[in-house]
Amino acid sequence: MATDAPPPQKGDPGTGRILPSTEEFVAAQESAEFAELRRAHRSFAFPLTVAFIAWYLVYVLLSNYAGDFMGTKLFGNINVALVLGLAQFLTTFLIAWWYSRYSAAKLDPKAEAIKSRMEGGA
């Protein structure tokens, strides 16, 4: 989608910060520091995404093709399908929590270093 808005000015009048030029953004993107940040993010996010999708597909396939197994009562009216379905929610929250801890410990410091270097013009 094209816009008629002019490109941002070199300085941000509200904060007095100097904004990097296009060339500086490209240089930062091609830097080893940025490549390491991308690698650290991808090495965490991609395997967990694949694992969670596989776990979800196993649940769906079991629901469709293993009805007797999924209907097995564990206690009272609680069956395997309900427990595995609730486990889907639990794993979603656990992955989100784990990623936030990983990001705060590993990704955010690297991203902040790149950001401050670009905003500081160093």
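This is a predicted model: local features need pLDDT of at least 70, side-chain atom pairs count only at pLDDT 80 or more; totals for chains, interfaces and linings use all residues.
Let me begin with the chain as a whole. There are 122 residues, and buried residues make up 15% of them. The chain has 4 helices and 2 strands, and if you follow the elements from the N terminus on, they run α-α-α-β-β-α. If we take the contacts in the chain with a separation of 6 or more, 53% of them are accounted for by residues 24 or more positions apart.

I would now like to turn to two of the helices, H2 and H4. Two packed helices are described by the angle between their axes and the distance between the axes. Here the axes of H2 and H4 come within 10 Å and cross at roughly 175°. An angle over 145 degrees counts as roughly antiparallel, and therefore H2 is roughly antiparallel to H4. Sorted by class, the residues in the contact of H2 with H4 are 21 nonpolar, 6 polar and 4 charged.

Which aromatic residues form a cluster here? Phe44, Trp98, Tyr99 and Tyr102 form one aromatic cluster. To look at the rings themselves, we need to know that a pair of aromatic rings is described by the distance of the centres and the angle of the planes. A search of the whole structure finds 3 aromatic pairs, and I will go through two that involve phenylalanine 44.

In one of them, the ring centres of phenylalanine 44 and tryptophan 98 are 5.1 Å apart and the planes stand at 80°, so this pair is edge-to-face. Because phenylalanine 44 lies in helix H2, which covers residues 32-65, and tryptophan 98 lies in helix H4, which covers residues 80-120, the pair ties together parts that are 54 residues apart in sequence. Phenylalanine 44 has a relative accessible area of 10%, so it is buried, while tryptophan 98, at 44% relative accessibility, counts as partly exposed.

In the other, phenylalanine 44 is paired with tyrosine 102: the ring centres are 4.3 Å apart and the planes are at 10°, so the pair is stacked. This pair also links distant parts of the chain, with phenylalanine 44 in helix H2 and tyrosine 102 in helix H4, 58 residues apart. Both phenylalanine 44 and tyrosine 102 are buried.

Finally, let us move to another place on these helices. Phenylalanine 52 is in helix H2, and glutamine 88 is found in helix H4. Although phenylalanine 52 and glutamine 88 are 36 residues apart along the chain, their C-alpha atoms are separated by 8.8 Å. Is glutamine 88 buried or exposed? With a relative accessible area of 8%, glutamine 88 is buried, whereas phenylalanine 52, at 23% relative accessibility, counts as partly exposed.

If we leave aside neighbours within four places in sequence, phenylalanine 52 is in contact with Gln88, Thr91, Thr92 and Ile95.

Key:
Residues are numbered from 1 along each chain as its sequence is written. Side-chain values use heavy atoms; hydrogens and water are left out. Rings of Phe, Tyr and Trp (its six-membered ring) pair if their centres lie within 6.5 Å; planes under 30 degrees apart count as stacked, over 60 as edge-to-face and the rest as tilted. Buried means under 20% relative accessible area, exposed over 50%, partly exposed in between (1.4 Å probe, protein chains only). Axes are lines fitted to C-alpha atoms, for helices over the stretch in contact, and angles run from 0 to 180 degrees between N-to-C directions. Angles under 35 degrees count as roughly parallel, over 145 as roughly antiparallel, 65 to 115 as roughly perpendicular and the rest as oblique. Ala, Val, Leu, Ile, Met, Phe, Trp, Tyr, Cys and Pro count as nonpolar, Asp, Glu, Lys and Arg as charged, and the others, Gly among them, as polar. Contact means heavy atoms within 4.5 Å.
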